[in-house]
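Welcome! Please take a look at the structure before reading on.

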Amino acid sequence: MRHFCTEKFKSFLLPGTFSALIGYIGRLSDSIIVGHVIGEDALAGINMITPILSVVTFLAYMISMGTATNYSIWMGRIARNRARQFFMQGLWLTLIIGCALALFMIFGKDLYFSVLNGSEYVEMYGRQYLNWAWPIGLTEGLLLLLAVFCCADGDIRLCSIACGAVFGANVAVSFVAVEKGMGASGCALGDLVAEGVGILLLCSHFFRKVNTTALVLRFSPEDLYRTFRASFGDAAILLCDAILFFGLNKLVIACFGSDVLPVAGVAIVLWSFLRIFDG
């Protein structure tokens, strides 16, 4: 048993760390591209959106990690139908909460920017990004759910390939779109295209022999509690990050003005480096 656990840990360590690293570099690339191609105001505008993106990632982690954990537990108990119920509930939750987040990004952005009260020339870039990024509320949740499910289902190599493809597509599309004059919207387009590519690649798992899931009908408040209980400890850091980044942006704007926001943006990028160790 000890040998089995050690070997399993080793098999997940490198792909998990690689996925966390790629996720960080992918977000970092947006700041690098807009900072070099457009300027520091665009960098500040992008980082004004970071608290929203952290909340999106937090909810995605809450659903996906809890779903994968319970799926693995029940598969280990040779209760395939029970495991499939958790996966389907996780899928339904991702679709429902993802749509709610997308609606907030569409209709709640005016309230969000009014609370931050940044300068128009900085806020403009944040709005450009959100004008295209609202589907990320749904696509990021689906991408993460499918990624952790593939790992739980033994398809670790596919997960690593999908992460690499997401990174490559994000950087390529974002750079070309921003350089062609789309502004900060180009980075949002790159994120969407990349996550779409990742989702399509991960969906190929369901046509492979290693796939163990099947469609079942299930939605239970008790299972919902079990899902969130299994994932909150790991996901809570992302909620804390969202609160920290929002407070930092608000404090800088209130005390020093929007001209100093690029400095806060760099601090946020460096702080986010800690997520790599979550691998």
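## Where two helices cross

Let us begin with a crossing: α2 passes α6 in a right-handed way, meaning that the near helix is turned clockwise from the far one by less than a right angle. Helices here are DSSP runs of H or I with at least four residues, numbered from the N terminus. This is a predicted model, in which local features need pLDDT of at least 70 and side-chain atom pairs count only at pLDDT 80 or more, while totals for chains, interfaces and linings use all residues. Residues are numbered from 1 along each chain as its sequence is written, and side-chain values use heavy atoms, leaving out hydrogens and water.

Helix α2 covers residues 40–48 and helix α6 covers residues 120–133; their axes come within 7 Å and cross at roughly 55°. That angle makes α2 oblique to α6, oblique being whatever is left once angles under 35 degrees (roughly parallel), over 145 (roughly antiparallel) and 65 to 115 (roughly perpendicular) are set aside. The axes themselves are lines fitted to C-alpha atoms, for helices over the stretch in contact, with angles running from 0 to 180 degrees between N-to-C directions. On the α2 side, the contact is made by D41, A42, A44, G45, I46 and M48, and on the α6 side by Y121, V122, E123, Y125, G126 and Y129; contact means heavy atoms within 4.5 Å. These residues divide into eight nonpolar, two polar and two charged. In this scheme Ala, Val, Leu, Ile, Met, Phe, Trp, Tyr, Cys and Pro are nonpolar, Asp, Glu, Lys and Arg are charged, and the others, Gly among them, are polar.

## Another helix pair

Now turn to helix α4 (residues 80–107) and helix α10 (residues 221–256), which pack at an angle of about 80° with axes 11 Å apart. That makes α4 roughly perpendicular to α10. From α4, the residues R82, F86, Q89 and L93 meet D223, L224, R226 and T227 of α10. This contact divides into three nonpolar, two polar and three charged residues.

Helix α4 also holds Q85. With a relative accessible area of 14%, Q85 is buried (buried means under 20%, exposed over 50%, and partly exposed in between, using a 1.4 Å probe and protein chains only). Leaving aside neighbours within four places in sequence, Q85 is in contact with V216 and R218.

## Salt bridges

Side chains of opposite charge can pair when their charged atoms come close. How many salt bridges does the count come to? The count is five, where a salt bridge is a side-chain nitrogen of Lys or Arg within 4 Å of a carboxyl oxygen of Asp or Glu.

One of them joins D110 and R127, with the closest N and O atoms 2.8 Å apart. This pair links distant parts of the chain, as D110 is in helix α5 (residues 109–116) and R127 is in helix α6, 17 residues apart. D110 is partly exposed at 47% relative accessibility, and R127 is partly exposed at 24%. R127 also meets E123 in a salt bridge, at 2.8 Å from N to O. Being four residues apart in α6, R127 and E123 are separated by about one helical turn. E123 is buried, at 15%.

In helix α10, E222 and R226 lie four residues apart, about one turn of the helix, and their side chains meet in a salt bridge of 3.1 Å, N to O. E222 is partly exposed at 48%, and R226 is partly exposed at 24%. As for shared partners, salt bridges join D110, E123 and R127 into one network.
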